[in-house]
Amino acid sequence: MSSLDERVAALEHQQAELIIQLQTLQNTLLLVGDVQRYSRLRDLLAAGDLDAADRETGNLLFDGLADQHGDVSPEALERCPAAMLQIIDGLWSTSSQGRQGFSMQQQLYRELGGSRESLISQDVALFARFTQAVAWPTLAGVGFVLPDELTVPVSGAMDDDDLPPPGHLPLRCWGSDYGLKGANLLMARMIEVFAA
């Protein structure tokens, strides 16, 4: 390898490190207005405690939409604040090198042919393919189910090969009393917020 090639490779490596640092700083700046609300999630993700981070994500989402989890209405899911979704997604995405988070989930859904139209029509087969692609647990005749505990490793560096497939997490925030309708409304909101 010539010295020029070595220098280019070193610069590319340095650029990749700077991009990660920039993403971390951007996420920190988004947190400034509400440090206390999102700092626990940030800390859980940094510690690699995916199970607790998944639970915290659900708490953040539903607490931001209603006084009690059971009070989250379809309308609240449909109007979920973009800033809240972006902050939570940024924390997940940065900690997993882009493998986890809401933006990855909506991207995978769209790659399977999903769109706002398929969500409006409540395409059960498409959502089933999505849940299979992200390896969410399912129950015959019911669809995806929320686990009591994650079945994937819940700690360690999120870039390990044995950790969840892309888009697997967050998971628990997808459950609501409205079932597939609630999941469809949340996905529709994510497509609005994250689709480029």
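Let's start at Arg172, which sits in the loop between β2 and α9. Is this arginine buried or exposed? In this predicted model, Arg172 is buried, with a relative accessible area of 10%. Its side chain has a partner, too: a polar contact of 3.0 Å links the side chains of Arg172 and Asp54.

Another cysteine to look for is Cys80, which is buried with a relative accessible area of 0%. Cys80 is in no disulfide, and the nearest cysteine sulfur, that of Cys173, is 9.1 Å away. A disulfide needs the two sulfur atoms within 2.5 Å, so at 9.1 Å from the sulfur of Cys80, Cys173 is in no disulfide either.

Now step back for the overall layout. The protein chain has 9 helices and 2 strands. Follow the elements from the N terminus and they run α-α-α-α-α-α-α-α-β-β-α. Of the 196 residues in the chain, 41% are buried.

Next, find helix α9, and in it Met187. Met187 is buried, with a relative accessible area of 0%. Which residues does Met187 touch, leaving out those up to four places away in sequence? They are Gln105, Gln106, Tyr109, Leu119, Phe130 and Trp174. Take Trp174 from that list: Met187 and Trp174 are 13 residues apart in sequence, and their C-alpha atoms are 8.9 Å apart in space.

Met187 is also part of the meeting between two helices. On the α8 side you'll find Val124, Phe127 and Phe130, and they meet Leu180, Ala183, Asn184 and Met187 in α9. Here's a handy bit of helix geometry: an α-helix has 3.6 residues a turn, so residues three or four places apart point the same way. Keep that in mind as you look at the spacing of the residue numbers on each helix. How do the two helices lie relative to each other? The axes of α8 and α9 come within 12 Å and cross at roughly 75°. That makes α8 roughly perpendicular to α9.

After α6 comes Gly113, whose phi is positive, near 105°.

Finally, how far can you trust what you see? The mean pLDDT of the protein chain is 84, and 82% of its residues reach 70 or more. Among the elements, α6 has the highest mean pLDDT, 96, while strand β2 (residues 143-144) has the lowest, 67. Over residues 153-159 the pLDDT is below 50, although this stretch has 22 contacts in the model beyond near neighbours in sequence. Where pLDDT is low, the predicted coordinates should not be read in detail.

Terms used
Residues numbered from 1 in each chain as written. Predicted model: local features only at pLDDT ≥ 70, side-chain atom pairs only at ≥ 80, totals over all residues. Heavy atoms only, no water. Helix = DSSP H or I, 4+ residues; strand = E, 2+ residues; numbered from the N terminus. pLDDT = per-residue confidence, 0-100. Contact = heavy atoms within 4.5 Å. Buried < 20%, exposed > 50% of the residue type's maximum accessible area, 1.4 Å probe, protein only. Polar contact = N/O pair within 3.5 Å; in protein donor to acceptor, adjacent residues only side chain to side chain. Axes fitted to C-alpha atoms, helices over the stretch in contact; angles between N-to-C directions. Parallel < 35°, antiparallel > 145°, perpendicular 65-115°, else oblique.
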